[in-house]
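Biologist: Can you walk me through this fold? I'd like the domains, the packing and the charged pairs.

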Amino acid sequence: MQNKVRIVLVNTSHPGNIGGAARAMKNMGLADLYLVAPKQYPSDEAVSRASGATDILDNAVVVETLEEALADCQLVIGTSARERNIPWPLVDPRQAADLVYDEGLVTAFVFGREDRGLTNEELQRCNYHVHIPSVETFSSLNLGAAVQVIAYELRMKSLLMKDAPVVTSKWDVPAANVEQIDYLLEHLEKVLVQTEFLDPEMPMQVMTRFRRMFQRSRLDQQEVGMLRGMLTSMEKKMKS
């Protein structure tokens, strides 16, 4: 199951933290690392901090946008230490590991910048937010340490499930991935503007709430196709 998990680091400033994350991953049996617009990479500092986990660094996928890193993922869990204006499904690291094994989907854990984490827009691309319950008086974790906590919980879950049957998706149709949900939301927004339900000059948080609803519902590929077909039919009707 851990071969379906990727670690995504967004806009990392210090290359040593990339190396530290790679070491944490290898310690716990993870191998799939994505780097979104790192400030400095490749780097000798990253190699030094990886302490032998250079194969993780050698195979890391470097992309320019978070959209690229998540496109084929079916479950996205973003790390967050802050309260948000719009509540989002929230889990702790152990519950996050349970989700990975219960769902059996291609999963990304997304970690933000060292100084300010993930933006609201980036967090809205996640199905769940995961919060590491450190003490309130000294809550900030080093990036490598945060990756280690998540990787450890995944490792412990894998050991508990060692003799259990391999989990595959229980649904009759594959779950929609991030890219498919994005296209659905773009299509929906276009139709909502055409019907004047949505004012593009004053969108409020309508599309954010639609995104939250769709991601919480865990649409499958056929359901996405049905919804897009419905929207296309509405567009044709408006033109006739």
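Modeller: Salt bridges start from a cut-off: a side-chain nitrogen of Lys or Arg within 4 Å of a carboxyl oxygen of Asp or Glu. By that rule the structure holds 12 salt bridges. Keep in mind that this is a predicted model.

Biologist: Okay, domains next. Where is the chain divided?

Modeller: Domain 1 covers 5-161 and domain 2 covers 178-239. Their C-alpha centres lie 29 Å apart.

Biologist: How many residues of domain 1 and domain 2 are in contact?

Modeller: On the domain 1 side, 16 residues, in contact with 10 residues of domain 2. The two domains bury about 1300 Å² between them. Carbon and sulfur atoms carry 50% of that area.

Biologist: And what about polar contact between domain 1 and domain 2, how many residue pairs?

Modeller: The count is 9 residue pairs, with both residues at pLDDT 80 or more. The rule also finds 2 salt bridges across this interface.

Biologist: Take Glu103 and Arg218. How do their side chains meet?

Modeller: In a salt bridge, 3.0 Å from N to O. Arg218 is also in contact with Asn127.

Biologist: Where is Asn127?

Modeller: Asn127 is in the loop between helix 6 (120-123) and strand 7 (128-130).

Biologist: Buried or exposed, that Asn127?

Modeller: Asn127 is buried, with a relative accessible area of 10%. A polar atom of its side chain lies 3.1 Å from the backbone oxygen of Gln215. Beyond four places in sequence, the contacts of Asn127 include Gln74, Leu75, Val76, Trp88 and Pro89.

Biologist: What does Arg211 touch?

Modeller: Gln124, Arg125, Asp182 and Leu185, leaving out residues up to four places away in sequence. The side chains of Arg211 and Asp182 are joined by a polar contact of 3.0 Å.

Biologist: Arg125 is on that list. Which side chain does Arg125 meet in a salt bridge?

Modeller: That of Glu67, at 3.8 Å from N to O. The pair links distant parts of the chain, 58 residues apart. Arg125 sits in the loop between helix 6 and strand 7, and Glu67 in helix 4. Arg125 is buried at 9% relative accessibility, whereas Glu67 is partly exposed at 36%.

Biologist: Now Lys157. What is its salt bridge partner?

Modeller: Asp98, at 3.0 Å from N to O. Lys157 lies in helix 7 and Asp98 in helix 5 (residues 93-103), so the pair ties together parts 59 residues apart in sequence. Lys157 counts as buried at 16%, and Asp98 as partly exposed at 28%.

Biologist: Which residues do salt bridges with shared partners join into one network?

Modeller: Glu67, Arg125, Asp182 and Arg211.

Biologist: One more pair. How far apart are the closest N and O atoms of Asp72 and Arg6?

Modeller: They are 3.0 Å apart, in a salt bridge. Asp72 is in the loop between helix 4 (66-70) and strand 4 (75-79), and Arg6 is in strand 1 (residues 5-10), so this pair ties together parts 66 residues apart in sequence. Asp72 is partly exposed at 41%. Arg6 is buried, with a relative accessible area of 5%.

Biologist: Switching to packing. How many residues has the largest nonpolar core?

Modeller: It has 39 residues. Those with the most contacts inside it are Ile7, Leu9, Leu33, Phe109, Phe111 and Val147. Helix 7 (residues 143-160) gives the most to this core, with 6 residues. A second, separate core has 16 residues, including Val36, Cys73, Val76 and Val110.

Biologist: What is Leu9 in contact with?

Modeller: Setting aside neighbours within four places in sequence, its contacts include Ile18, Ala21, Leu33, Tyr34, Phe111, Leu143 and Val147. Leu9 is also in contact with Val36, one of the residues of the second core.

Biologist: Last one: Met230. Where does it lie?

Modeller: Met230 lies in helix 10, residues 221-239. Met230 is partly exposed, with a relative accessible area of 45%. Met230 and Leu75 are 155 residues apart in sequence and 25 Å apart in space, C-alpha to C-alpha.

Note on methods
Residues numbered from 1 in each chain as written. Predicted model: local features only at pLDDT ≥ 70, side-chain atom pairs only at ≥ 80, totals over all residues. Heavy atoms only, no water. Core = buried A, V, L, I, M, F, W, Y, C linked by side-chain atoms within 4.5 Å. Buried < 20%, exposed > 50% of the residue type's maximum accessible area, 1.4 Å probe, protein only. Helix = DSSP H or I, 4+ residues; strand = E, 2+ residues; numbered from the N terminus. Contact = heavy atoms within 4.5 Å. Domains from an automatic or database assignment. Buried area = accessible area lost by both parts, 1.4 Å probe. Polar contact = N/O pair within 3.5 Å; in protein donor to acceptor, adjacent residues only side chain to side chain.
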